[in-house]
Amino acid sequence: MGRVATDLAYLATIVAFIFALKFLSHPSTARRGNWIGAVGMLIAIGITFAQKQIDSVWEILLGMAIGGAFGAVAARKVKMTAMPQMVALFNGVGGGAAALISLAEFHNLAPDSGRLHGDISVSIILSALIGSVSFAGSMVAFAKLQELIQGRPIVYAGQQVVNGLLLGAILAAGIAIVAGAERQWLIVALIGGALLFGVLFVLPIGGADMPVVISLLNAFTGLAAAATGFELENNVLIVSGMLVGASGTLLTLLMGRAMNRSLANVLFGAFGQIVAGPAAAADTNGGAVRSASADDVAVMLAYAQKVVVVPGYGMAVAQAQHDVRQLADLLEARGVEVSYAIHPVAGRMPGHMNVLLAEANVPYPQLKEMGDANPEFPRTDVALVIGANDVVNPDARSNAGSPIYGMPILNVDESQTVVVLKRSMNPGFAGIDNPLFLNPKTVMLFGDAKDSVAKLIAGVKAL
Amino acid sequence: MSHSLLLVFEVTILVLAVALGFEVISKVPTLLHTPLMSGTNAIHGIVIVGAMLVAGLGHKDTLTTVVGLVAVVLASANVVGGFVVTDRMLEMFKRRDPPREDDGSGRN
């Protein structure tokens, strides 16, 4: 197949990808969009096979069968709570593939020194570097989320210095290659160094910051893919890679904003190992915790007009989302208006909580994002906080000494009554006190989220 | 086309792709951010094209082919896994439950 026909087919792929993303702007069209994207991918694969220079067709097909089978099985089996690690894994293999392409291209194009155009060697180095960091970083993120290694930040003295020196050495190797020292061992060393850097770079980042890290690694893999497009002079790789790069960047910024933290702070701040300072406790004096029985809370819920559920990751960990949906159904059957207020960083990746609730058959019009949910709280009778803590902490609004000061939160304290389902009075993931629990409007229902919700269901049924 | 002209052309495409990407993706609601991420994940599986080209184009030695084939395996896992898992998620987003038995059954 000629170059023109091939490039036109690749253009069709690009158009398909753009429509795929466009259709993702609404839940009713999103699934179709994903299919359009898949068809675009098939076109690109088909046309690449049709190029007459391609040989080793059977080997390639075998490789596809192996990789595809693994991907399909993993994607079918994964639990929705484990979605972040699945995304990290697929992200990693994509980055790894980009790095390997660069390694092979370099080996292929530069048997002797001084044969590469500057732009080609720069792209090879960029995709090798970014792809390797993305691969290794994603694998560490996967291991942390899967709890194969501890989720808390792993820090040691001089960490930044070590990372800085390593990055410097990697860049030096890259510059040497571009300057003409096109030695095979240099690119192998560069990839090795980048893999190590990827590991060291994600290790000190805490579990609660994973939404940012996954978004960032997603952007990295996109950039690595785009760089391979420059190596191979292939537009479909450049455009698709940059679409992903743009998406990952946007999500990274959004997540950073939702936590009111700069990217640098997330990456280098080792958040989550800091114990709250004395300033954080400023607002918590002069109140007592009120706890209630499940039956009391069941009465409050059953006779409310409007109930807003505020789910946090604790709900997902306890696997309580199905019970929460059941409770909501019961309340709706009694004429109570129920909706869910979802903070952007609820869960372990952007939008994770929505997926978990959708899996529990919560209709998506009931899922309200922060901007839509906050104006609703003043006319809410009961805000039911389940397994969420920092995202409803009023200190973020009013206590300048708090580590989360400035983070946008769900203003549950504006509703008539706040019910907090919580395991115990231990502070949340970030180790920060929460004055919401001492608010006179607040009642606490202690216990495992799933058990508590089951008791509430029984309580409402008994009425 | 001279080499530097080609490069300028490619960079132009890159810039336009970024602009378009920001435009389209900023319209995706937070509701769908997880599927967005897994969907774009599948899209960067397009490196499979690069992997195929490296593994399958002539004038190369065994090392290139082997490395290229490993890249094909990784990229295929990326593509298939990405699209399948995104489809699984999007299937769950429903406006309302399918009507229960007592709805529309004529009784009641």
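A: Chain A carries 28 positive and 30 negative side chains, and the centres of these two sets are 4 Å apart. In this count Lys and Arg are positive and Asp and Glu negative, while His and the chain ends are left out; each charge is placed at NZ of Lys, CZ of Arg, CG of Asp or CD of Glu. The model is a predicted one, in which local features need pLDDT of at least 70 and side-chain atom pairs pLDDT 80 or more, whereas totals for chains, interfaces and linings use all residues. Residues are numbered from 1 along each chain as written, chains are lettered from A and ligands numbered from 1 in the order written, and side-chain values use heavy atoms, without hydrogens and water.

A:Glu147 has a phi near 60 degrees, a positive value in a residue other than glycine. A:Glu233 also has a positive phi, of about 50 degrees, and is not a glycine. Most residues other than glycine have a negative phi. A:Glu147 belongs to the loop between helix H5 (118-145) and helix H6 (159-178), and A:Glu233 to the loop between helix H8 (210-231) and helix H9 (235-258). Helices (H or I, at least four residues) and strands (E, at least two) are DSSP runs numbered from the N terminus. A:Glu147 is exposed because its relative accessible area is 68%, and A:Glu233 is partly exposed because its value is 28%. The classes are buried under 20%, exposed over 50% and partly exposed in between, with a 1.4 Å probe and protein chains only.

A:Thr442, in strand E6 (residues 442-446), has 0% relative accessibility and is therefore buried. A polar atom of the A:Thr442 side chain lies 2.7 Å from the backbone oxygen of A:Leu436. Beyond its neighbours within four places in sequence, A:Thr442 is in contact (heavy atoms within 4.5 Å) with A:Arg290, A:Val418, A:Val420, A:Leu436 and A:Phe437.

Among contacts in chain A between residues at least 6 apart in sequence, 78% join residues at least 24 apart.

Notes
A polar contact is a pair of N or O atoms within 3.5 Å; within protein, one must be able to donate a hydrogen and the other to accept it, and residues adjacent in sequence count only if both atoms are side-chain atoms.
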